[in-house]
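Thanks for asking me to look this one over. Please keep the model open beside you as you read my comments.

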Amino acid sequence: MNLFRRKHWLLTALGVSVLAVSVHADNFSPGSKVNVLRQYDLTDMSLLTTVNWTVSPGTSLGTPYAPIDGGHTLTQNAGSTDWAQNWGYIDITLPAAVSISSIYTAFHDHPPAQFRVLGSATGFTFNNTTDVLVDWTAGSGRLSKTYDLTSNTTVQYLRLEYSGTLVSQYFQLSEIMAFAANPTAIGLADGYNIMANKLSTPIVAKSGWQDAEPNNVFNTDSFGYLRPLNGDNTSYFIKDLGEVITLCAGSYSFFHGQGWDNTTIQVTTKDWETATDADWKTIFLADAVSGGHVFQFAPIDARYIRVTHNGAATGALTSLEFFAAPPVPEPVTLSLLTLGGLTMLRRRK
Ligand SMILES: [Ca+2]
Ligand SMILES: [Ca+2]
């Protein structure tokens, strides 16, 4: 029996239970910008990526994970007043090797004089010819840019290296991202931001914002943001996920030093136009929010996400991410799978 016919026979034998499992086996769509520098263990939302800094001279590195928190929140290296002497590098280790096609970097008002990005699948010893992903590039102002690699490259160890600083002795990095070359090989429940799969689904309702496009919080640009209108008011928007997904966590990141007042995030599986207050389930509620944080909640099905801000704050929200819960096999599904397997064994005798 060839592989295809055998697979077809198995699917028939397992019947409905296979269909139920396949719903949870969805992968990211082609073109999704899956940032592989930001993968979580979904049980406790601990980052699977590690970040280490080496600087000379310098102190005050701030939050070590700010460069990979998905948004504008930044970290800095306060070096020497002899700006040209400042150098350093940020090493990022992924839990496993993965093929990437592009690199994104965002520096704030204090960019490096020049920087480059190195990548390897074997360790932090780099070949200066073959392991250069982004070659030495001059920094200037608020530099937010995506660099397409000359070819897809498999990496597990990444280094952002900088030499010299501009404007002052401070070096400030908002974010570095690396995007998967093959997003269709990555599962939605593998611990990455699922909004990378939802950049094109619509905002179905919105009110009370300075900025026209609430989808700015879901893009992969930490300088693209959403601000409430001036004055004490209520602002909201509703994002359509286009399908029902079981969510278990989220995260937000604001423009550095900014925030919102009372903030609520709710989800529903009902039609947003007819959903009642009882249909909207709250997954996040806080009197004030700022910086960048991860939040967990009991797994819940979501088709629409409603974000509401009440108050006078006009801070810029740069990133809002959500994470899909891993599938939990239901007892009935397991029974059907077992029965199907037994039937198959019996027929093979
Ligand atoms: Ca950041
Ligand atoms: Ca953004």
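Below are my numbered points, from the whole chain down to single residues.

1. A word on ground rules: this is a predicted model, in which local features need pLDDT of at least 70 and side-chain atom pairs count only at pLDDT 80 or more, while totals for chains, interfaces and linings use all residues. Residues are numbered from 1 along each chain as its sequence is written, and chains are lettered from A and ligands numbered from 1 in the order in which they are written.

2. On confidence, the mean pLDDT (the predictor's confidence in each residue, from 0 to 100) comes to 87 for the protein, with 85% of its residues at 70 or more. Residues 1-24 have a pLDDT below 50, and this stretch makes 18 contacts in the model beyond near neighbours in sequence. Two residues are in contact if their C-beta atoms, placed from the backbone, lie within 7 Å.

3. How many helices and strands does the protein have? There are 3 helices and 17 strands; both are DSSP runs numbered from the N terminus, with helices being H or I over at least four residues and strands being E over at least two. Taking contacts between residues at least 6 apart in sequence, 80% join residues at least 24 apart. Of the 349 residues in the protein, 37% are buried. Here a residue is buried if 20 or more other C-beta atoms, placed from the backbone, lie within 10 Å of its own, exposed if 12 or fewer, and partly exposed in between.

4. S6 runs antiparallel to strand S8 (residues 144-165), with 8 bridges joining them; Ser 120 has Tyr 157 of S8 as its bridge partner. S6 also pairs with strand S7 (residues 132-138), again in the antiparallel sense, over 4 bridges. In that pairing, Leu 118 is partnered by Val 132 of S7.

5. Further along, strand S16 (residues 292-311) is antiparallel to strand S11 (residues 233-254), and 16 bridges join the two. One bridge to look at sets Ile 245 against Ala 302 in S16. S16 is also joined by 7 bridges to strand S13 (residues 262-268), antiparallel as well, and Asn 262 stands opposite Asn 310 in S16.

6. Now for Ala 84, in the loop between strand S4 (75-78) and strand S5 (87-107). Is Ala 84 buried or exposed? Ala 84 counts as exposed because 11 other C-beta atoms lie within 10 Å. Leaving out residues up to four places away in sequence, Ala 84 touches Ala 113 and Gly 164. The C-alpha atoms of Ala 84 and Gly 164 are 4.2 Å apart, although 80 residues separate them along the chain.

7. Beyond four places in sequence, its contacts are Trp 83, Ala 84, Asn 86, Pro 112, Ala 113 and Gln 114. Between Gly 164 and Pro 112, 52 residues apart along the chain, the C-alpha separation is 5.8 Å.

8. Met 45 sits in the loop between strand S1 (40-41) and strand S2 (46-47). It counts as partly exposed, because 16 C-beta neighbours lie inside 10 Å.

Note on methods:
Pairing = 2+ DSSP bridges.
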